[in-house]
Amino acid sequence: DGESFNLSGFGSQSPNNISYDDVSGNRISIPQLGLALKAASAKAGQKIDIYGSDACLMAMAEIGTELAPYVNTMVGSEEIEPLDGWPYHDFFTQWFANPAANDHEIGQMLADTYIESYACGYRGLTFSVTDLTQMDAFNLAFIDFATMLQEVSSNKNPSFAKAILQSAKSAESYEAHTDYVDLMGFVTNLERSTINVANDSRLQALKQAFSKSVVYNKSFKKN
């Protein structure tokens, strides 16, 4: 039998601001979330198959890294979510009709029903299914990518550092959190910039690691 875990409420990838309680003032930090999933995994005697965040700004690498030792698949949005949250009725209807679906397929059902339920009337939506068994490889690739950026920015040509900053600034960000930048948007901007890094093996390795970790993604942006 599989195990799933869902957290619902207000979310933020900020280290100490997940599922804020307006009454008590309590909130969950990212390390606390990791401890909760560690305890749930230990009680189940196995890794949690699917962890879902029905909350804003939660499909982030930092959260995936924290949960990876205890969870196989993470589903959620890196965007601000509508207040009504996930379309549970539509999602469970699909899931119950496909009881043999694996965790990636279940995540895809949720992504599809979530985007379809709001696509006509909400300004911007994202939803991802992330294979957390790939997080170690992704993080190693990201460290190498960051080293590449440090090497480029240390070049005496000031236009290089400026191009890196502009690539980040031009990537999609979320609500008022301008430092919450879509990683692949940033990478794409770098490839198109005046810096000659498009063929750098470390950038290409990051793209490959990302494609292995994010196994399904769906989005909608209203013009």
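In the predicted model, aspartate 112 and lysine 218 are joined through their side chains by a salt bridge with an N to O distance of 3.2 Å, a salt bridge being a side-chain nitrogen of Lys or Arg within 4 Å of a carboxyl oxygen of Asp or Glu. Because aspartate 112 belongs to helix α4 (residues 103-118) and lysine 218 to strand β7 (residues 214-221), this pair ties together parts that are 106 residues apart in sequence. Helices (H or I, at least four residues) and strands (E, at least two) are DSSP runs, numbered from the N terminus. The model is a prediction in which local features need pLDDT of at least 70 and side-chain atom pairs count only at pLDDT 80 or more, while totals for chains, interfaces and linings use all residues. Residues are numbered from 1 along each chain as its sequence is written, and side-chain values use heavy atoms, with hydrogens and water left out.

Lysine 218 also meets glutamate 116 in a salt bridge, at 3.8 Å from N to O. Glutamate 116 lies in helix α4 and lysine 218 in strand β7, so the contact links parts 102 residues apart in sequence.

Relative accessible area was classed as buried (under 20%), exposed (over 50%) or partly exposed (in between), with a 1.4 Å probe and protein chains only. Aspartate 112 is buried at 15%, lysine 218 is partly exposed at 25%, and glutamate 116 is exposed at 53%. Salt bridges with shared partners join Asp112, Glu116 and Lys218 into one network.

A further salt bridge pairs aspartate 200 with arginine 202, whose closest N and O atoms are 3.2 Å apart. Arginine 202 is partly exposed, with a relative accessible area of 23%. The salt-bridge count comes to five.
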